[in-house]
Amino acid sequence: MKLYEGMFLFDSNVAGKDWPGLERHVQDVLEKNAAQLVYSERWPDRKLCYEIKGAKKGTYYLTYFRAPPQALQGISRDAELSERILRILVLYDAGLVTDCEKRVSKEVTGSPEEIEEQRERLRRDAQDALLRH
C-alpha cells in the first residue's frame with residue numbers, strides 16, 4: 001500500500017453546518033475502497049475562482065491515506081458520484097511522500113507553538129505540492 005495525498009473540496013455552507021458528517025463521509029469513501037486514513041486536516045474557507053455546483057466558497061480537507069494503487073479509481077468514482085464532495089485531487093510523489101511520511105508517522109511532541117509550527121510547515125508543503133501539479 002502506498003501513501004497518497006488527497007485534497008477534498010466541499011461547499012463551505014455544508015461544511016459549516018455538518019463538518020463531522022463530511023469527515024465521516026470521506027472516511028467511508030476511503031474505507032469502502034480499502035484505504036486507511038493516516039492524517040487529515042481542515043483548511044479555512046476560501047473563495048472559489050469560479051462557481052462549482054452552485055458553491056462560491058469552499059472548504060478544503062487535506063488527507064494522507066494508504067491505499068493499493070487500484071483503489072484510486074474507486075475513490076475518484078465515489079467522490080464524483082457524491083453530492084457532498086465538489087472536487088477531489090489525489091497525488092502521489094515519492095519525494096513528497098517520503099517527506100510527509102516522516103512527519104505523519106513520528107509522534108508530535110513539544111510546546112503548543114512547536115506543534116502549530118509543524119502543522120503550518122506540513123500545510124505549506126502540501127500547498128506547494130498542489131501548485132506544482
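Is Ser12 buried or exposed, and what is its relative accessibility? At 8% relative accessibility, Ser12 counts as buried, where buried means under 20% relative accessible area, exposed over 50% and partly exposed in between, with a 1.4 Å probe and protein chains only. Ser12 has its place in helix H1 (residues 12-17). Leaving aside residues up to four places away in sequence, Ser12 touches Asp45, Lys57, Gly58 and Thr59, a contact being heavy atoms within 4.5 Å.

The structure is a predicted model, in which local features need pLDDT of at least 70 and side-chain atom pairs count only at pLDDT 80 or more, while totals for chains, interfaces and linings use all residues. Residues are numbered from 1 along each chain as its sequence is written, and side-chain values use heavy atoms, with hydrogens and water left out.

The secondary structure of the protein chain comes to five helices and four strands; helices (H or I, at least four residues) and strands (E, at least two) are DSSP runs numbered from the N terminus. From the N terminus on, the elements follow the order β-α-α-β-β-α-β-α-α. Of the 133 residues of the protein chain, 40% count as buried. Among contacts with a separation of 6 or more, 75% come from residues 24 or more positions apart.

The four strands form an open sheet in the order S2-S3-S1-S4, with antiparallel pairing; two strands pair if DSSP finds at least two bridges between them. S2 and strand S4 (85-91) stand at the edges with a single partner strand each, so one side of each is left without a neighbour in the sheet. The twist averages 20° from one strand to the next, with axes taken as lines fitted to C-alpha atoms, for helices over the stretch in contact, and angles running from 0 to 180 degrees between N-to-C directions.

Ten bridges join S1 to S3, and Gly6 stands opposite Thr63 in S3. Strand S2 (residues 36-52) is likewise joined to S3 by ten bridges, and here Thr63 is the bridge partner of Ser40. The hairpin of S2 and S3 has two residues between the strands, and in it Lys53 takes a positive phi near 50°. S1 and S4 pair over six bridges, with Ile85 in S4 as the bridge partner of Phe10.

Two helices lie across this sheet. H2 lies across S1, S2, S3 and S4, running at about 40° to S3. H3 lies across S1, S3 and S4, at about 160° to S4. In H3, Ala71, Gly74, Ile75, Asp78 and Ala79 are buried. These residues cover an arc of only 130° around the axis, which puts them on the same side of H3; the arc is that of the directions from the helix axis to the C-beta atoms. What covers them includes H2, S3 and S4. On the other side of H3, Gln73, Glu80 and Leu81 are exposed.

In the largest nonpolar core, which has 17 residues, Phe10 and Phe65 touch the most other members. Such a core is a set of buried Ala, Val, Leu, Ile, Met, Phe, Trp, Tyr and Cys residues joined through side-chain atoms within 4.5 Å. Strand S1 (2-11), helix H2 (19-32), strand S3 (55-67) and helix H3 (71-81) each supply at least two residues of this core, and H2 gives the most, with five. Apart from it lies another core, of seven residues, including Leu3, Trp43, Tyr64 and Leu122.
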